[in-house]
Amino acid sequence: MKILITGAKGFVGKNLISELRNQGFSQLFEYDIDTDKNQLEDFARNCHFVFHLAGVNRPENQEEFMQGNFGFTSELLNILQKNENKAPILISSSIQAELNNPYGLSKKAGEDLLFDYGIQYGVPVYVYRLPNVFGKWCKPNYNSAVATFCNNIAHNLPIQINDPNVDMKLVYVDDVVSGFISRMKNANAEITPKEHFEFINPVHQIKLGEIVALIESFKTSRETLQLPDFSNPLTKKLYSTYLSYLPENEFSYFLKMNIDNRGSFTEFIKSPDRGQVSVNISKPGITKGNHWHHTKNEKFLVVSGIGVIRFRKIGTDTILEYYVSGEELEVVDIPVGYTHNIENLGEADMVTVMWVNEAFDKEKSDTFFLEV
């Protein structure tokens with residue numbers, strides 16, 4: 001299948017092309033503003049489907065809106081018609097096509113032109129009215145508030161919020177790409193009636209100020225170690241987007257290691273509903289623990305070295321032993337009501353990944369000393 005993508009170097013275009021390649025589509029005709037115009041003729045002659053993503057968002061002169069969003073669409077359709085190519089066409093429009101502003105009027109004109117073309121020449125057309133699209137590779141300080149906020153907050157640059165109570169409608173670029181490719185795979189010969197629009201789901205609604213607060217919490221999470229609430233789909237997508245704007249020399253960050261003569265204990269990540277993950281390093285011959293919990297429960301995973309985890313149920317004398325090693329990864333549950341410890345039996349440091357079902361609260365530690 002030969003696929004023509006206009007606006008190939010744009011935000012949506014780059015994401016779409018990457019996923020098309022992931023799915024095995026190799027004959028991609030990539031057209032952008034700096035592509036030789038002679039190639040467009042060849043592309044339009046041979047393509048089997050058209051993703052028309054090219055457009056103008058922020059021109060120097062308002063007249064360029066109509067030239068870019070209507071004029072180039074007209075040029076593309078004329079070339080397709082001249083070559084008698086009835087390949088289905090998908091165009092990315094905007095919800096602003098409903099508004100009476102230069103950008104909206106130019107997008108509406110492009111929509112109407114495509115609808116009329118489809119009806120006149122019997123070509124299936126798919127017009128997507130997109131709200132604000134966000135995700136990786138979007139140009140900041142251009143036409144996406146999310147991209148600008150992510151970039152500026154990640155780079156310690158100032159941001160401007162005119163009205164934090166503005167309601168935003170957002171779609172994630174991966175959802176856009178998935179919808180576009182699904183539409184291409186399920187294209188049919190039916191002629192699209194005028195004003196029949198396609199939409200991407202899900203659409204996320206959130207206030208502008210809430211977006212900023214979330215992104216700022218992503219930045220401070222390196223200090224608090226608190227993970228965002230990934231059960232919220234929008235938060236999950238925004239966090240992924242934010243990470244794509246990190247300065248390339250700041251991908252890593254240090255953790256506070258609590259070090260003593262026994263080794264070290266370092267908190268890694270925390271979550272209000274998923275507990276806490278820490279890394280424990282024990283020096284040779286060292287025993288740590290000797291405590292028990294009412295409700296707090298843990299999982300221990302030795303990833304380097306060899307040792308033993310011992311248990312004794314409160315009120316009994318029987319000691320249980322689980323021998324563990326980084327050579328064979330084995331998770332050991334730490335049940336409530338059992339005092340327990342972990343001893344390094346090797347000659348090198350033993351490293352244990354520890355998960356606990358709740359972040360440590362010194363006011364309510366639920367931890368009671370008792371020798372195994």
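This report describes helix packing, cysteines, backbone features and one lysine in a predicted model.

Helix H5 spans residues 145-154. Nine of the ten residues of H5 are buried, so the helix is largely enclosed by the rest of the structure. The buried set consists of Val146, Ala147, Thr148, Phe149, Cys150, Asn151, Asn152, Ile153 and Ala154. These buried residues pack against four elements, namely E6, strand E7 (167-172), H7 and H8. Just after H5, the backbone at Asn156 adopts a positive phi of about 60°.

**Helix pairs**

Two packed helices are described by the angle between their axes and the distance between the axes.

| Helix pair | Axis distance | Crossing angle |
|---|---|---|
| H1 (residues 11-22) and H6 (residues 173-185) | within 10 Å | roughly 60° |
| H7 (residues 208-224) and H8 (residues 233-243) | 10 Å | about 60° |
| H5 and H8 | within 9 Å | roughly 55° |

For the pair of H5 and H8, the axes cross at roughly 55°, and H5 is therefore oblique to H8. H5 passes H8 in a right-handed crossing. On the H5 side, the contact is formed by Val146, Cys150, Ile153 and Ala154, and on the H8 side by Leu238, Thr241 and Tyr242. By class, the residues in this contact of H5 with H8 are six nonpolar, one polar and no charged.

H8 also packs with H7, at an angle of about 60°. H7 is thus oblique to H8, and the crossing of H7 with H8 is right-handed. Here Leu214, Ile215, Phe218 and Lys219 of H7 meet Thr235, Leu238, Tyr239 and Tyr242 of H8. The contact of H7 with H8 comprises six nonpolar residues, one polar and one charged.

H1 contributes Phe11, Val12, Asn15, Leu16, Glu19 and Leu20, while H6 contributes Val173, Asp174, Val176, Val177, Phe180, Ile181 and Met184. Sorted by class, the contact of H1 with H6 has ten nonpolar residues, one polar residue and two charged residues.

**Lys185 in H6**

Lys185 also lies in helix H6. Its relative accessibility is 52%, and Lys185 therefore counts as exposed. Leaving aside residues up to four places away in sequence, Lys185 touches Gln23 and Phe25. Lys169 is 16 residues from Lys185 along the chain, and the C-alpha atoms of the two lysines are separated by 27 Å.

**Cysteines**

A disulfide is a covalent bond between the sulfur atoms of two cysteines. The structure contains zero disulfides. For Cys150, the closest cysteine sulfur belongs to Cys138 and is 9.5 Å away, which is too far for a bond.

**Backbone features**

Most residues other than glycine have a negative phi, and most peptide bonds are trans. Several sites in the model depart from these patterns.

Trp137 is not a glycine, yet its phi is positive, at about 75°. Trp137 belongs to the loop between strand E6 (132-134) and helix H5 (145-154). With a relative accessible area of 40%, Trp137 is partly exposed.

Asn290, likewise not a glycine, has a positive phi of about 60°. Asn290 is located in strand E13 (residues 287-292). At a relative accessibility of 10%, Asn290 counts as buried.

The peptide bond joining Asn201 and Pro202 is cis, with omega about 0°. Pro202 sits in the loop between strand E8 (197-198) and strand E9 (204-207).

Conventions
Residues numbered from 1 in each chain as written. Predicted model: local features only at pLDDT ≥ 70, side-chain atom pairs only at ≥ 80, totals over all residues. Heavy atoms only, no water. Axes fitted to C-alpha atoms, helices over the stretch in contact; angles between N-to-C directions. Helix = DSSP H or I, 4+ residues; strand = E, 2+ residues; numbered from the N terminus. Contact = heavy atoms within 4.5 Å. Nonpolar A, V, L, I, M, F, W, Y, C, P; charged D, E, K, R; others polar. Disulfide = S-S within 2.5 Å. Buried < 20%, exposed > 50% of the residue type's maximum accessible area, 1.4 Å probe, protein only. Parallel < 35°, antiparallel > 145°, perpendicular 65-115°, else oblique. Left-handed = near helix turned anticlockwise from the far one by under 90°.
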